[in-house]
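Let's take a guided walk through this structure together. Keep the sequence and the 3D view open as you read.

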Amino acid sequence: MRGTKQQEDEEMLVPHSDLTDNNNNNHQSMEVVPQPETAAVESQPAAEEPPSQSRFTWKIENFTRLNTKKHYSDAFVVGNYKWRILIFPKGNNVDHLSMYLDVADSTSLPYGWSRYAQFSLAVQFWELGCLVYSFCNNFDKFVLADTQHQFNARESDWGFTSFMPLSELYDPSRGYLVNDTLLIEAEVIVRKVVDYWTYDSKKETGYVGLKNQGATCYMNSLLQTLYHIPYFRKENSVWYKTHVNLWGGRRAVEAIRLCTTCPQLKMICHLQGTVVEGTIQQLFEGHNMNYIECINVDYKSTRKESFYDLQLDVKGCCDVYASFDKYVEVERLEGDNKYHAEQHGLQDAKKGVLFTDFPPVLQLQLKRFEYDFIRDTMVKINDRYEFPLQLDLDRENRKYLSPDADRRVRNLYTLHSVLVHSGGIHGGHYYAFIRPTLSDQWYKFDDERVTKEDMKRALEEQYGGEEELAPTNPGFNNTPFKFTKYSNAYMLVYIRDSDKDKIICNVDEKDIAQHLRERLKKEQEEKEHKKKEKAEAHLYTIIKVARDEDLANQIGKDVYFDLVDHDKVRNFRIQKQTSFQLFKEEVAKELGIPVQFQRFWLWAKRQNHTYRPNRPLTQAEENQSVGQLREVSNKVHNAELKLFLEIELGLDMRPVAPPGKTKDDILLFFKLYDPEKEELRYVGRLFVKSSGKPLDIISKLNELAHFAPDDEIEFYEAVWQMQEFSIQSAIVVLNISFFPRITVSLVLRKEIKFEPSVMCESIEKKYTFRSSQLEDGDIVCFQKSFPVEVVEKFRYPDVPSFLEYVHNRQARPGPCLWPDILYWVATAHIVLKGSIKFW
């Protein structure tokens, strides 16, 4: 099932705007079978209105002579909405009749409109008066459609591209076309869409939901189910954060945050030796006994096993009791399949399973997903499967229990939760129906939305199977319309009646460990502080101050191609109206540098996308406010001001006043390379005269590098050209369900990045700094000169070769991405033994 827009986007058909053409030649008269609109029997949640339902018949004469690509019916009204049927008589780029339900007035509706409809389309079989439904009954074609759709501006039509083969439609012997007339029927059920942008789950129900953060609906439904077992929450302090967020919060919570402390039950079960483990066992662990009993000799073999949930067959079973009957069904081992009974040899025997005890909280995993050996694929079982509100596992003289089971325990259970999957094998959506206090009121937890529901919606509508709509015109059509329900229960949670008072208990703050309450209080205070900072961010400027210490700590470790990473330097949060002089006093207080010894330089972004200290602040600039200075110095609109703090030290290593700077003075930063250690490090900065030469500072650099005064050194100017390139990054989403399969969603995302291109040029010692085009903030790398025979021993003998090596070592994402992903997926497959499918 799909909309025509999707089909046209893929196959370049007629523009979607054609749907709104008012071409009278394309419209045929429509015979409407009158039917009063009836509300559904079940009561809807407070946020919804009862549905409207109608059936319409469209009579198309001279069908084979239609020469239009698209053909529309007249508009008809259901639920105060205008609809029409759209067909492609020659097929929508397929050799089938294509048929859709369309919103007739989509172009005139207000922005953001949305309509929800469950519908059926049918071709009338003239001779016998029966209907032919969509031939698209393959499960794959119904994924997420479920003969229903959320209509909106982008998807204003929805239906069947391959409704029925044209060869069958035009075959006179089939009886679809009689006297060149075709009858089409549409059954439409409309529910008004709730404006969930303004819907307040907490206000309407008292509960909040969990945000869907991308394929997390399964985890959300499971977490909500576990959370609403109060005893589990009470005995496990790790759930305290969940309790506060879900109970005390006003808005939907991010499930991934909760799962840092509260992973899935299957994962929690492995926390051995903890209080959590004990609670899991008390609540969820039951035991069964596998036995093989010989018929003709006195020999019996038994093995006791524990379980946390039971896998029950759906296929071939009408309800939960039938599944339990099948679970304990006795298998006879005879003929070629006799059992080898140690001293007795091959013997006829009975093999089966009986339960020794059931847990207080019984989780039943319904096997809705199975492997089809004929089709060689996983399929979803949508058969009708009933489950009772009360489950009696002591029925028929306790036939599910072993003779050793404790007869004092009454195994009568009440339904607590129904976890639902809506969709097909390749995708779908998960949500849960829960009654937290076991009252008559059910709640639907659908990600961040929580609504009130009645018992019929929670039970009967989740049985699956087919739904039948009674014919509205018995004299014309006696065949009821049936469609498969693709939303059905896949997991049930029952609570034993004798343990209800213990499990459905009150949980308050005193039940939580003191240190966890304090920890959460601290986290809450930090959260409020960050929230306040964010709200007041427009009033403040972040000043990032880099110093020589930062350059020395980062160059050669985290930084090679630049001077500093500004995200790792000291930053100050200063109100914009604060004068820069007051900021300098704050720096003096924090860093111990007197105001008169501070000189700040502005960083400037160069054409090659690198940042360098460009010039010192003028006295006029220092007299401005912090906000004014940021606006003048920073053309990019952000709240940051980047500065370099120049501090000069005297012979006693105490701060002294910085030297005066003239236009002839250039501030250069120096990095030393050691080819023996293959190490690059920052050694300091110097003011040089633009008319001076590198020969003039050799002795000073030897002093900084702790070389002999007369050692020869080589100079290089390090220039990094930041080049633009695009990469593809992969997002891998792994969904693990209780049924044995793994779904891996792989999304490739193109990003634009900048990376350094190494340009390291030798500086002639005899040329002036001006002729070498050096300016304030430039980086000069130098190294000791070695004889040729020594140089040959080094892997990277000079600065250019070393920087090229570093550049290549910092590999960007490339061809290695796919092998890594495939290796990861294969590992997951081996560990979890599931089938792998790529979307």
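This is a predicted model: local features need pLDDT of at least 70, side-chain atom pairs count only at pLDDT 80 or more; totals for chains, interfaces and linings use all residues.

**A walk through the model**

K642 lies over the face of Y611, 4.5 Å from the ring centre; a charge sits over a ring if NZ of Lys or CZ of Arg is within 6 Å of the ring centre and within 35 degrees of the ring normal. Another such charge is found at R795, whose charged end is placed over the ring of Y805, 5.7 Å from its centre.

Residues are numbered from 1 along each chain as its sequence is written, and side-chain values use heavy atoms, with hydrogens and water left out.

Let's turn to a sheet. Five strands make an open sheet in the order β33-β32-β36-β34-β35, and their pairing is mixed. Helices (H or I, at least four residues) and strands (E, at least two) are DSSP runs, numbered from the N terminus, and two strands pair if DSSP finds at least two bridges between them. At the edges stand β33 and β35, each with a single partner strand, so one side of each is left without a neighbour in the sheet. From one strand to the next, the twist averages 40°; axes are lines fitted to C-alpha atoms, for helices over the stretch in contact, and angles run from 0 to 180 degrees between N-to-C directions.

Now look at β32 (residues 540-546). Six of its seven residues are buried, so β32 is largely enclosed by the rest of the structure. Here buried means under 20% relative accessible area, exposed over 50%, and partly exposed in between (1.4 Å probe, protein chains only). Strand β32 runs antiparallel to β33 (residues 570-575), joined to it by six bridges. Within this pairing, I543 has F572 as its bridge partner, and K544 has N571. With β36 (residues 640-646), β32 runs parallel, and five bridges join the two; the partner of I542 in β36 is E640.

Further along the sheet, β34 (residues 599-605) and β35 (residues 611-616) pair in the antiparallel sense over five bridges, with L602 bridged to R615. These two strands form a hairpin with five residues between them, and H609 in the turn has a positive phi of about 70°. Helix α16 (residues 580-591) lies across β32, β33, β34 and β36, running at about 140° to β33.

There is another sheet to find. Four strands form it, open and antiparallel, in the order β15-β14-β20-β17. Its edge strands are β15 (300-307) and β17 (331-333), each pairing on one side only. The twist here averages 25° from one strand to the next. Three bridges connect β17 with β20 (residues 349-357) in the antiparallel sense, and R332 stands opposite K350 in β20.

What about the interior? A nonpolar core is a set of buried Ala, Val, Leu, Ile, Met, Phe, Trp, Tyr and Cys residues joined through side-chain atoms within 4.5 Å. The largest has 40 residues, of which F324, F358, L362, L364, F387, L391 and L492 touch the most other members. Among the elements that each supply at least two residues of this core are β14 (286-294), α10 (320-327), β20 and β31 (487-496). If contact means heavy atoms within 4.5 Å, which residues does L364 touch? Not counting residues up to four places away in sequence, they include L310, V320, F324, L391 and L492. A second, separate core of 34 residues includes L97, V103, L166 and L182.

Rings of Phe, Tyr and Trp (its six-membered ring) pair if their centres lie within 6.5 Å; planes under 30 degrees apart count as stacked, over 60 as edge-to-face and the rest as tilted. By this rule the count comes to 36 aromatic pairs. One of them joins F63 and Y170, with centres 6.0 Å apart and planes at 40°, so the pair is tilted. This pair links distant parts of the chain, 107 residues apart. F63 is buried at 0% relative accessibility, whereas Y170 is partly exposed at 28%. Elsewhere, ring pairs link F307, F324, Y327, F355, F358 and Y400 into a cluster.

Notes:
Contact means heavy atoms within 4.5 Å.
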